[in-house]
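User: Hi! Could you walk me through a few spots in this protein?
Analyst: Happy to, let's take a look together.
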Amino acid sequence: NTRKRTYAFVRGEDRTPSCTILQKPDGNLTGNVHEIDEVLQEEWMKTFRLYDSYPAPSWEAFTTRYRHLFPGYMPYESPTFTAEMIQEALRHMSNDSSCGVDGWRVCELKCLPLQILERLAHLYNTVERTGMLPQALANGLITMLSKGEGLGAKDLRPITVTSVLYRIWSATRVK
């Protein structure tokens, strides 16, 4: 029930952070952002860097175990991006969606004329042709959301908020 408030915070409208107090492993509470960051990293890096403490499985072992699940080769042919495709993706996006680190909001993009969206379509087509994604679209903001109970690091879950421009591209291609 804090979704709108979280989005408002990410948009910069609500200055209340999603994690203001955290319970440290020793049971004490902290509101110090550096201590919170340290505790969260200590806990969550066990998940995100699973193979820091032991070797990763080899590719050979992986393919031996899962080869029967690999799909056959199928060339991917996608239509060239158009302004209309972008408008369609935007129609399905909520104005309440949070903006990403690039600062764009869905409601702002919905107001742009087709001529500007055509320029955005050209950017997407260039990205797909060259395989080079601008750094501004590759960045994501990671924030911690409460799972509902408790103040410990395990009681939170990380989410990544990507650029709205990236979300338009990915929503169109996933579709």
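User: What lies 2.8 Å from the backbone nitrogen of Phe81?
Analyst: A polar atom in the side chain of Asn125 lies 2.8 Å from that nitrogen of Phe81. This is a predicted model, where local features need pLDDT of at least 70, side-chain atom pairs count only at pLDDT 80 or more, and totals for chains, interfaces and linings use all residues. Residues are numbered from 1 along each chain as its sequence is written, and side-chain values use heavy atoms, with hydrogens and water left out.
User: Is Asn125 buried or exposed?
Analyst: Asn125 counts as buried because its relative accessibility is 18% (buried means under 20% relative accessible area, exposed over 50%, partly exposed in between, with a 1.4 Å probe and protein chains only).
User: New topic: how many aromatic pairs are there?
Analyst: A search of the whole structure gives 8 aromatic pairs. Rings of Phe, Tyr and Trp (its six-membered ring) pair if their centres lie within 6.5 Å; planes under 30 degrees apart count as stacked, over 60 as edge-to-face and the rest as tilted.
User: Why is the pair Tyr51 and Tyr54 edge-to-face?
Analyst: Their ring planes are at 85°, so Tyr51 and Tyr54 make an edge-to-face pair, with centres 5.6 Å apart. Tyr51 counts as partly exposed at 41% relative accessibility, and so does Tyr54 at 44%.
User: And which residues form one aromatic cluster?
Analyst: That cluster is made of Trp59, Phe62, Tyr66 and Phe70.

Definitions and conventions:
A polar contact is a pair of N or O atoms within 3.5 Å; within protein, one must be able to donate a hydrogen and the other to accept it, and residues adjacent in sequence count only if both atoms are side-chain atoms.
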